[in-house]
Amino acid sequence: MSEQNKNKPSANTSLRPATQMVHGGVMRSQWGETSEALFMTQGYVYDSAEAAEARFKGDEPGYVYSRYANPTVSMFEERMALLEGAEAARGTASGMAAVTAAMLACVKAGDHVVAASALFGSCLYIVSELLPRFGVECTLVDGTNLEQWKAAMRLNTRACFLESPTNPTLSVIDIAAVADIAHEAGAKLVVDNVFATALWQSPLTLGADVVIYSATKHIDGQGRCLGGVVLSSEEFIEEEMKDLHRHTGPSLSPFNAWIMLKGLETFTLRVRQQTQTASILADRLAEHKAIDRVLYPGHADHPQAEVVARQMRGGSTMLALEVAGGKQAAFRLENALQVVRISNNLGDAKSLITHPATTTHQRLDDDQLAAAGIKQGSLRLSVGLEDVEDLWEDFEQALASL
Ligand SMILES: *Cc1c(COP(=O)(O)O)cnc(C)c1O
């Protein structure tokens, strides 16, 4: 989706997601390659000085510099826009580059932002530490409490930010309701949709204005490289984000965009399989006596089961566990697992488990941990592509050691 390349891939939006993820966004070169080409180039040459002038003026379509746009990155952006049902997309170097660019595109000094407090640590830094340094105040609310969102709105509120399901406790926030509250106040709603994935939740359809992903997670899906993407209306991407993105440079590498493009070919297959396995493990673990609690969107006992039923088409590849016996038991379980590996990453083909209180959320004090619902016995599991019976046997043997 380059701003200059008028030779946009033909987007047949009537095709279903699995088909779009294989064919969507393809721009073939003169060689007619089957697989998407990797245009590993910083710049572009022009046939004449006049052609260079015309391209810089925007009178002639084409690429000028890969910080602005690159054909491989354009193919990735187009495929992501098709997946999300968005008018436009901008690839970024990481998920955090996407969050930062999207938030900076919404606000200026003197504005106010409201965000759900249950956020990925780096997202919390952006809204509660970085933005205030530039004169943008931030109010944090319990995202599941709509009264708190309403009460936090001010005349100068320009953006609301949330993640749903949240990391790591998998709480679910009512996106349509928060979008209404934001719009009534004249603010945009930005949703980090990493935990739900585009397969199971469509924030734009629910009323959000901007969706961001860490492509590092399920979009690559095989633990290889960092990337991110911002999806929104053509107007937001062109008017609010284009110059910011061009001139501050959080650009996605063509190499990483190519990996992500190929990752998207198997995206629906992987996310479906990982979700199915996660759901089976969630059922079985909930029955195990060494486990106090399993939080899984899609389970009837999920605290926001009614919101899940309304806004998600599927559960999650993630589940949250609480083991009896606190940190010691949680560590013992992690250390006893042999197939499931200890890692703070997620969305990978390999199942990964982490102890949030001592890793991803280590910066939080006891009160903040309690507010976020993180206990010393809490573990977060990202379910991979292994055979479900091997994962279950791994948990059975590890739990037996508690
Ligand atoms: C990983 C993650 C991010 C940040 O993505 P990076 O690609 O690591 O920069 C943002 N939000 C959520 C919910 C994440 O899980």
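Visitor: Where does H218 lie?

Guide: In this predicted model, H218 sits in the loop that runs between β6 (210-214) and β7 (228-232).

Visitor: Is H218 buried or exposed, and how do I tell?

Guide: A residue is called buried when its relative accessible area is under 20%. H218 has 3% relative accessibility, so it counts as buried.

Visitor: What does H218 touch, sequence neighbours aside?

Guide: Not counting residues up to four places away in sequence, H218 touches V194, T197, F267, R270, V271, T317, L346 and G347. For R270, the separation is 52 residues in sequence and 8.2 Å in space, C-alpha to C-alpha. With T317 there is a polar contact between the two side chains, at 2.8 Å.

Visitor: T197 is on that list. What is its backbone like?

Guide: T197 has a phi near 70 degrees, a positive value in a residue other than glycine. T197 is part of helix α8, and with 2% relative accessibility it counts as buried.

Visitor: Where is Q201, and what does its side chain contact?

Guide: Q201 is in the loop between α8 and α9 (203-206). Its relative accessible area is 0%, so Q201 is buried. The side chain of Q201 makes a polar contact with the side chain of N193 (2.8 Å). Beyond four places in sequence, Q201 touches several residues, including E84, S164, Y213 and R313.

Visitor: How do I read the nonpolar core?

Guide: A core of this kind is a set of buried nonpolar residues joined through side-chain atoms within 4.5 Å. The largest one here has 32 residues, and F76, M80, Y213, I219, L231 and L264 have the most contacts inside it. Elements giving two or more residues to this core are α3 (71-84), α8 (197-200), β6, β7, α11 (254-265) and α12 (267-287). The largest share, 6 residues, comes from α3.

Visitor: Which residues is I219 in contact with?

Guide: Leaving aside neighbours within four places in sequence, I219 is in contact with F76, M80, Y213, M260, G263, L264, F267 and R270. A second, separate core has 28 residues, among them A98, F161, I212 and I237.

Visitor: How can the length of α12 be checked?

Guide: The check compares an expected span with the distance between the end C-alpha atoms. At 1.5 Å a residue, the 21 residues of α12 should span 30 Å, and the ends are 30 Å apart, which agrees. Buried residues in α12 include F267, R270, V271 and L281.

Visitor: How many helices and strands does the chain have, and how compact is it?

Guide: The chain has 16 helices and 12 strands. Its radius of gyration is 22 Å, close to the 21 Å that the globule rule gives for 402 residues, so the chain is as compact as a globular protein of that length. Of the 402 residues, 57% count as buried. Among contacts between residues at least 6 apart in sequence, 74% join residues at least 24 apart.

Terms used. Residues numbered from 1 in each chain as written. Predicted model: local features only at pLDDT ≥ 70, side-chain atom pairs only at ≥ 80, totals over all residues. Heavy atoms only, no water. Helix = DSSP H or I, 4+ residues; strand = E, 2+ residues; numbered from the N terminus. Buried < 20%, exposed > 50% of the residue type's maximum accessible area, 1.4 Å probe, protein only. Contact = heavy atoms within 4.5 Å. Polar contact = N/O pair within 3.5 Å; in protein donor to acceptor, adjacent residues only side chain to side chain. Expected span 1.5 Å × (residues − 1). Rg over C-alpha atoms; globule rule 2.2 N^0.38 Å.
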